[in-house]
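Please look over the fold, the core and a few single residues of the protein shown here. The report begins with the terms it needs.

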Amino acid sequence: VQLQASGGGLGQAGGSLRLSCAASGNIFRVNDMGWYRQAPGKQRELVARVTAGGSTNYADSVKGRFTISRHNAKNSVFLEMNSLKPEDTAVYYCYADVSTSWHNTYNDYWGPGTQVTVSS
């Protein structure tokens, strides 16, 4: 199973960026999908996640500014980031909780990370 993210880059404070991530490979079923981020010198933190049924949860720091969504048929997850702040600068990692067979054992798979830099 491979995850490939796109859409990172340089944004301005108050602006918007959109991240996309698609999972491919030997996928039987996908449970949660989401995004973590890691800023320099800080621990990786959950930004947002969405269940297969569409339930979402967000870090307090991004509530009201970021929106996560997914396309189940394409095993894809998206992160719309609005009202960007310099403190949103980090490497963003997408993940997917994937079962590769009917045995229903799930494992987390991660994308390689995409840099988001927000200038003030």
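## Terms and basis

Contact means heavy atoms within 4.5 Å. This is a predicted model, in which local features need pLDDT of at least 70 and side-chain atom pairs count only at pLDDT 80 or more, while totals for chains, interfaces and linings use all residues. Residues are numbered from 1 along each chain as its sequence is written, and side-chain values use heavy atoms, with hydrogens and water left out.

## Overall fold

The protein has eleven strands and zero helices. Both are DSSP runs numbered from the N terminus: helices are H or I of at least four residues, strands are E of at least two. From the N terminus on, the order is β-β-β-β-β-β-β-β-β-β-β.

The C-alpha trace spans about 50 × 25 × 25 Å along its principal axes. The radius of gyration is 14 Å, which agrees with the value near 14 Å for a compact globule of 120 residues. That radius is taken over C-alpha atoms, and the globule rule is 2.2 Å times the number of residues to the power 0.38. Among contacts with a separation of 6 or more, 55% join residues 24 or more positions apart.

## Surface and core

Buried residues make up 38% of the 120 residues. Buried means under 20% relative accessible area, exposed over 50%, and partly exposed in between (1.4 Å probe, protein chains only). The protein exposes about 6,300 Å², of which carbon and sulfur atoms supply 46%. Areas come from the Shrake-Rupley method with a 1.4 Å probe; for residues, only the protein chains shown count as cover.

The largest nonpolar core has 30 residues. Such a core is a set of buried Ala, Val, Leu, Ile, Met, Phe, Trp, Tyr and Cys residues joined through side-chain atoms within 4.5 Å. Trp35, Val47, Phe66, Ile68, Leu79, Met81 and Tyr92 have the most contacts inside it. Elements giving two or more residues include strand 1 (2-6), strand 3 (17-24) and strand 11 (114-119). Strand 9 gives the largest share, five residues. Beyond its neighbours within four places in sequence, Leu79 touches residues including Leu17, Trp35, Val47, Phe66, Ile68 and Tyr92.

## Aspartate 32

Asp32 sits in strand 4 (residues 29-38).

Leaving aside neighbours within four places in sequence, Asp32 contacts Arg49, Val50, Thr51, Arg70, Tyr95, Ala96 and Asp97.

## Two positive phi values

Most residues other than glycine have a negative phi. Asn75 has a positive phi, near 50°. This asparagine lies in the loop between strand 7 and strand 8. Asn75 is buried, at 19% relative accessible area.

Ser83 also has a positive phi, about 45°. Its loop runs between strand 8 and strand 9. Ser83 counts as partly exposed because its relative accessibility is 40%. Leaving aside neighbours within four places in sequence, Ser83 contacts Gly14, Gly15, Arg65 and Asp88. The C-alpha atoms of Ser83 and Trp35 are separated by 18 Å.
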